[in-house]
Amino acid sequence: MEYVRFGNTGLMVSKLCLGCMTYGRPTDRWPWALDEEKSRPFIQKALDLGINFFDTADVYSAGASEEVVGRALRDFASRDEVVLATKVFNPMGPGPNDRGLSRKHIMSAIDASLKRLGTDYVDLYQIHRWDENTPIEETMEALHDVVKAGKARYIGASSMYAWQFAQAQYTADLNGWTRFVSMQPQYNLVYREEEREMLPFCRNQNIAVIPWSPLARGLLTGKRTKERNETERAKTDAFGKSLYTRDDDFAIADLVTKMGSERGIPATQIALAWLFSKPVITAPIIGASKPGHLEDAVGALTVTLSDDEIRQLEDAYQPHPVAGI
């Protein structure tokens with residue numbers, strides 16, 4: 001495993017982050033989630049492979065993901081050995097204040113997350129999306145207070161417009177509050193719209209970039225084709241159905257599969273190696289739900305694409321409407 005600095009901080013993370021949305025328990029929203037017994041081996045395997053970075057969220061499996069991940073990390077690792085990240089924003093109850101980025105919800109949500117995770121602090125506390133209904137000053141001050149209370153070491157953000165991210169950072173700077181140190185955008189070979197503004201901004205500001213869906217919901221693993229597009233997860237993943245459905249998306253996926261076949265390696269490793277070729281990328285967030293997923297992802301660290309291969313992969317891209325924000 002390779003370890004890199006997390007943006008402009010002194011924190012060191014593995015070049016792969018294990019995304020934990022799959023772990024917790026099946027629910028109406030996440031019927032494909034693995035229960036605790038099936039989840040724990042993947043977390044243990046990730047640790048065995050040298051992955052020290054784990055990303056979850058309060059909303060995953062209605063809180064069960066945090067519970068399962070927290071117990072597994074306590075059983076399999078020392079707290080100081082791992083970098084634990086979670087998120088706040090999405091609804092956690094029926095009430096009007098059970099969601100969003102108000103001071104009220106953030107202060108309640110961090111305590112609830114820490115209780116579920118069974119820890120005194122998280123290393124990275126992230127806003128899951130932008131809150132149109134809360135002034136950014138209120139959100140940034142609340143997050144600053146979370147850090148100063150010792151409940152989070154750093155704060156990060158996820159998919160939003162670059163101007164919003166810049167506004168948040170400016171607000172923090174103006175008031176002497178804690179800045180975001182990371183951005184979690186949607187970025188992969190079939191969705192590259194972040195190259196326009198967000199990634200150049202992150203590069204300029206030395207902000208860690210930890211992409212979600214680096215394998216495009218499995219499209220870039222070679223297991224899905226236009227004719228065989230419905231995995232068990234895809235059948236019930238309403239959000240996923242809005243992503244990666246165009247003919248040119250499948251054309252790029254076919255190219256990734258073909259290149260992997262020519263090199264004798266899984267398509268997964270081609271797709272991840274392309275991400276690793278981008279200096280702005282810190283650690284893609286990968287999911288793992290079947291044997292071999294983690295090993296394939298770690299194997300990508302040893303794959304280097306030629307300039308010609310990168311050009312082949314990128315030339316097929318067509319602009320997309322903004323999605324996932």
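Here is a short walk through this predicted model, stop by stop, with something to select at each one.

**Stop 1: the main core.** Start by selecting L18, F54 and Y125. These are the residues with the most contacts inside the largest nonpolar core, which has 89 residues. Now colour helix α9, residues 267–276: this helix gives the most to that core, with 8 residues. Apart from it lies another core of 13 residues, including L11, C17, V181 and A208.

Stay with F54 and show what surrounds it. Not counting residues up to four places away in sequence, F54 touches C17, L18, C20, I43, A46, L47, L73, V82, V83, L84 and A85.

**Stop 2: a pair of strands.** Select β5 (residues 83–88) and β6 (residues 122–127). The two strands pair in the parallel sense, over 4 bridges. To see how they line up, click on V88 and look across to β6, where I127 stands opposite. Is β6 enclosed or open? 6 of its 6 residues are buried, so the strand is largely enclosed by the rest of the structure.

**Stop 3: L16.** Move to the loop between β2 (12–14) and β3 (17–19), where you'll find L16. With a relative accessible area of 0%, L16 is buried. Which residues does L16 meet? Leaving aside neighbours within four places in sequence, L16 is in contact with I51, F53, F276, A283, P284, I286, A297, V298 and L301. Pick out I286 from that list: L16 and I286 are 270 residues apart along the chain, yet their C-alpha atoms are separated by 7.0 Å.

**Stop 4: two helices side by side.** Select α8 (residues 247–263) and α11 (residues 307–315), which pack with their axes 10 Å apart and at an angle of about 155°. An angle over 145 degrees counts as roughly antiparallel, and α8 and α11 are therefore roughly antiparallel to each other. Show side chains here: L255, V256, M259 and R263 from α8 meet E309, Q312 and L313 from α11. By class, this contact has 4 nonpolar, 1 polar and 2 charged residues.

Stop 5: Most residues other than glycine have a negative phi. Select S61, in the loop between β4 (53–55) and α2 (64–76): its phi is positive, near 50°. S61 is buried, with a relative accessible area of 0%.

Then jump to N206, in the loop between α6 (198–205) and β9 (208–209). N206 isn't a glycine either, but has a positive phi of about 55°. At 37% relative accessibility, N206 counts as partly exposed.

Key: Residues numbered from 1 in each chain as written. Predicted model: local features only at pLDDT ≥ 70, side-chain atom pairs only at ≥ 80, totals over all residues. Heavy atoms only, no water. Axes fitted to C-alpha atoms, helices over the stretch in contact; angles between N-to-C directions. Parallel < 35°, antiparallel > 145°, perpendicular 65-115°, else oblique. Contact = heavy atoms within 4.5 Å. Nonpolar A, V, L, I, M, F, W, Y, C, P; charged D, E, K, R; others polar. Core = buried A, V, L, I, M, F, W, Y, C linked by side-chain atoms within 4.5 Å. Buried < 20%, exposed > 50% of the residue type's maximum accessible area, 1.4 Å probe, protein only. Pairing = 2+ DSSP bridges.
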